[in-house]
Amino acid sequence: IDYAIILSNLGNLLQDMARYNEAKEVYRQSLHIFDTQHKKPEYDTFQHLTVISNYADVFVAIGDYSVAEYLLKERVLADIPKGKEFNNKASVLNNLGVLYLQTNRLEGAERYLRESLDLKRKAFGENHPKYLSTLSYLANVYLMRKDYVTAEKLYKQILKQTKKTLSEKNALYLNTLNSLAELYYETSRNSEAESMYLKLLELSKENKDTRQNEYASYLYNIG
């Protein structure tokens, strides 16, 4: 089992490096060990579920959403032991919500994201970055539905709390600012959109963590 955990950690590293094919193979090796060793006393169900969840993330990254959805729903959520708390459940629900958002299944996206928010609210509170990150995806659901009033309210809530607890140069703050600018543009509030984009450009130039192509995208939007 220890070897399986080491393989899983290597898979996480490879995934962070966007070496997805290698990550998939390493996760498969790790899962094979978990699948064949589940009767041993050192076996940990929740470690096994976490590896499956991370394995699913690879398929999300490469756009194979059907496999990712199957893994998250049938191999993780469905296999959580009854009466037991799985610490990563909120993350799994968030990832399912994002998957549904990316495949334009907005009703399911909202449902999973709200379930994730409920768990994160209880675990971390509403000012925690993990809560605010999921809230940003929920705001995107409303933006895609063209429910601009609700989306704007959520974006402003995220900006306020992110600025307070993190900083204006945080990636979540910058991405939310960009989403709010898009909302203003879509609703023909052009002066407000311009103001948002200009602020975004200013913050992005100062932020060394902002990727060059993201900065170029902001320039394109304002142009």
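Here are some exercises with worked solutions on the predicted model shown above.

## Exercise 1: The overall picture

Task: Find how many helices and strands the protein chain has, and what its C-alpha trace spans along the principal axes.

Solution: 
- Step 1. Begin with the count: the protein chain holds 11 helices and 0 strands.
- Step 2. Reading along the sequence gives the pattern α-α-α-α-α-α-α-α-α-α-α.
- Step 3. Now the dimensions: the C-alpha trace spans about 65 × 35 × 30 Å along its principal axes.
- Step 4. Turn to burial. The protein chain has 223 residues, and 43% of them count as buried.
- Step 5. Finish with contacts. Among contacts with a separation of 6 or more, 51% come from residues 24 or more positions apart.

## Exercise 2: Helices α5 and α6

Task: Decide whether α5 and α6 are roughly parallel or roughly antiparallel to each other.

Solution: 
- Step 1. Recall the general idea: two packed helices are described by the angle between their axes and the distance between the axes.
- Step 2. Take the values for this pair. α5 and helix α6 (residues 106–124) pack at an angle of about 160 degrees, and their axes are 8 Å apart.
- Step 3. Compare with the cut-off: angles over 145 degrees count as roughly antiparallel.
- Step 4. α5 and α6 are therefore roughly antiparallel to each other.
- Step 5. Look at who meets whom. On the α5 side you will find residues including L93, V98 and L101, and on the α6 side residues including Y112, L113 and L119.
- Step 6. Sort the residues of this contact by type: 11 are nonpolar, 4 polar and 3 charged.

## Exercise 3: Two partners for α7

Task: Work out how α7 is oriented relative to α5 and relative to α9.

Solution: 
- Step 1. Start with α5. Helix α5 (residues 89–102) and helix α7 (residues 129–144) pack at about 25 degrees, with axes 10 Å apart.
- Step 2. The cut-off for roughly parallel is an angle under 35 degrees.
- Step 3. α5 and α7 are therefore roughly parallel to each other, and α5 passes α7 in a left-handed crossing.
- Step 4. In this contact, N94, V98 and L101 of α5 meet T134, Y137, N140, V141 and M144 of α7. By type, the residues are 5 nonpolar, 3 polar and no charged.
- Step 5. Now take α9. The angle between α7 and helix α9 (residues 171–186) is about 15 degrees, and the axes lie 11 Å apart.
- Step 6. It follows that α7 and α9 are therefore roughly parallel to each other. The crossing of α7 past α9 is left-handed.
- Step 7. P129, L132, S133, S136, N140 and L143 in α7 meet L172, S179, L183 and E186 in α9. These residues divide into 5 nonpolar, 4 polar and 1 charged.

## Exercise 4: The core and Y155

Task: Name the residues that touch the most other members of the largest nonpolar core, then find what Y155 touches.

Solution: 
- Step 1. The largest nonpolar core has 62 residues, and L135, L138, Y155, L177 and L183 touch the most other members.
- Step 2. Pick Y155 and set aside residues up to four places away in sequence; Y155 then touches S136, A139, N140, L143, T176, S179, L180 and L183.

## Exercise 5: Buried or exposed?

Task: Classify F34, A18 and N104 as buried, partly exposed or exposed.

Solution: 
- Step 1. Use the cut-offs: under 20% relative accessible area is buried, over 50% is exposed, and in between is partly exposed.
- Step 2. F34 lies in helix α2 (residues 20–36). Its relative accessibility is 0%, so F34 counts as buried.
- Step 3. A18 sits in the loop between α1 (2–16) and α2. With a relative accessible area of 45%, A18 is partly exposed.
- Step 4. N104 belongs to the loop between α5 and α6. Its relative accessible area is 51%, so N104 is exposed.

Note on methods. Residues are numbered from 1 along each chain as its sequence is written. This is a predicted model: local features need pLDDT of at least 70, side-chain atom pairs count only at pLDDT 80 or more; totals for chains, interfaces and linings use all residues. Side-chain values use heavy atoms; hydrogens and water are left out. Axes are lines fitted to C-alpha atoms, for helices over the stretch in contact, and angles run from 0 to 180 degrees between N-to-C directions. Helices (H or I, at least four residues) and strands (E, at least two) are DSSP runs, numbered from the N terminus. Angles under 35 degrees count as roughly parallel, over 145 as roughly antiparallel, 65 to 115 as roughly perpendicular and the rest as oblique. A crossing is left-handed if the near helix is turned anticlockwise from the far one by less than a right angle, and right-handed if clockwise. Contact means heavy atoms within 4.5 Å. Ala, Val, Leu, Ile, Met, Phe, Trp, Tyr, Cys and Pro count as nonpolar, Asp, Glu, Lys and Arg as charged, and the others, Gly among them, as polar. A nonpolar core is a set of buried Ala, Val, Leu, Ile, Met, Phe, Trp, Tyr and Cys residues joined through side-chain atoms within 4.5 Å. Buried means under 20% relative accessible area, exposed over 50%, partly exposed in between (1.4 Å probe, protein chains only).
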